[in-house]
Amino acid sequence: MTSRPSPYRKEALEYQQRAHEESGGDVLRISPAWTRWAYWVLVGTLACSLLFFCVGTLFEYAAGPALIRVEGKTDLTVAFSGVVLTVDVQPGQRVVAGQPLVRFASEQEQGTLARISREFELQLVRYLRDPSDEGARQALTGLRAERELAQARLEERTLRAPHAGVVGDLRLQPGQYIASGVRALSLLGDEATVAVLAFLPGQYRPLLLPGMDLRLELQGFAYEYRDLVIESVGDQIIGPGEARRYLGAELGDAVPLEGALVLVRARLPLRTFVREGRTFNYYDGMPARAEARVK
């Protein structure tokens with residue numbers, strides 16, 4: 001019996017068989033040199049780790065929030081109620097002693113001064129016509145005192161710089177009504193210094209001493225550290241409420257406070273700092289992070 005010829009061509013069968021052999025993969029080959037080096041690297045790393053665990057040292061830090069405080073500034077408050085007429089300065093502007101800073105509306109004071117001045121001039125004319133007129137002379141004496149008082153009250157409607165310095169926090173604008181006792185602006189004197197108030201965990205109080213190192217990092221300026229020296233450490237451990245009362249109504253909520261705290265104070269050597277070639281000023285209330293190595 002004769003075999004029937006295959007319907008497939010010999011070349012097609014060979015191509016199919018060759019493609020199947022090529023797609024079947026190959027034996028995995030691992031370099032003996034590579035595995036030998038990797039083995040010894042792992043052994044060395046494990047040995048170094050064990051050695052560090054036996055003789056190495058880990059430091060413990062007392063860390064907490066901090067605030068920048070500018071000391072030596074003068075807060076100017078308004079001793080009367082009134083409407084702001086003009087603001088003659090801008091934040092960051094340097095002023096001299098006696099320079100007008102803010103002027104308040106003073107129609108009543110100006111009217112009183114004008115009335116007293118007219119009466120004074122009339123009595124003065126009367127006295128010059130008759131120097132023996134005793135009534136005119138007494139009237140002049142009384143009007144002179146009233147005029148000086150009216151001038152002093154008018155002068156009080158202008159807020160002036162008590163000393164030379166740089167205008168800081170300015171909180172007024174023209175047309176604004178201001179109540180008595182409200183802070184108008186702050187004036188930074190030439191002798192002002194910059195301090196750091198850090199609130200560290202209270203459990204570290206026995207380990208914190210003046211003269212220890214304190215590292216400061218300003219928020220918004222990552223990895224820009226300032227190495228300071230602790231100037232003083234609070235004798236009492238306080239809670240968040242007492243710490244906020246110490247900071248006052250303006251800064252009491254500026255930093256997150258929780259748990260038992262101890263107040264640590266340090267001082268910055270300069271009123272400015274440099275970051276990426278640019279010079280910046282420290283401002284009162286800037287938040288930061290402080291840490292001191294205790295163990």
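Trainee: Which residue of strand 10 does L216 stand opposite?
Mentor: Happy to start there, with a caution: this is a predicted model, in which local features need pLDDT of at least 70 and side-chain atom pairs count only at pLDDT 80 or more, while totals for chains, interfaces and linings use all residues. Residues are numbered from 1 along each chain as its sequence is written, and side-chain values use heavy atoms, with hydrogens and water left out. Strands here are DSSP runs (E, at least two residues; helices are H or I, at least four), numbered from the N terminus. Strand 9 (residues 213-218) is antiparallel to strand 10 (residues 225-233), and L216 faces R226.

Trainee: How many bridges link strand 9 to strand 14?
Mentor: Two strands pair if DSSP finds at least two bridges between them. Strand 14 covers residues 287-293 and runs antiparallel to strand 9.

Trainee: Which residues make up the covered face of strand 9?
Mentor: In a regular strand the side chains alternate between the two faces of the sheet. In strand 9, D213, R215 and E217 lie on the uncovered face. The covered face consists of L214, L216 and L218.

Trainee: Is R183 buried or exposed?
Mentor: Buried means under 20% relative accessible area, exposed over 50%, and partly exposed in between (1.4 Å probe, protein chains only). R183 lies in strand 8 (residues 183-201). Because its relative accessible area is 15%, R183 is buried.

Trainee: With which side chain does that of R183 make a polar contact?
Mentor: Beyond neighbours within four places in sequence, R183 has contacts (heavy atoms within 4.5 Å) that include K73, D169 and E250. A polar contact is a pair of N or O atoms within 3.5 Å; within protein, one must be able to donate a hydrogen and the other to accept it, and residues adjacent in sequence count only if both atoms are side-chain atoms. At 3.3 Å, the partner side chain is D75.

Trainee: What is the order of the open sheet of four strands?
Mentor: Pairing in this sheet is antiparallel. Its edges are strand 5 (158-160) and strand 7 (177-178), each pairing on one side only. Strand 2 (residues 82-87) and strand 4 (residues 100-104) are joined by three bridges, with V84 partnered by F104. The order is 5-4-2-7.

Trainee: Is L50 partly exposed or buried?
Mentor: L50 sits in helix 2 (residues 32-55). Because its relative accessibility is 48%, L50 counts as partly exposed.
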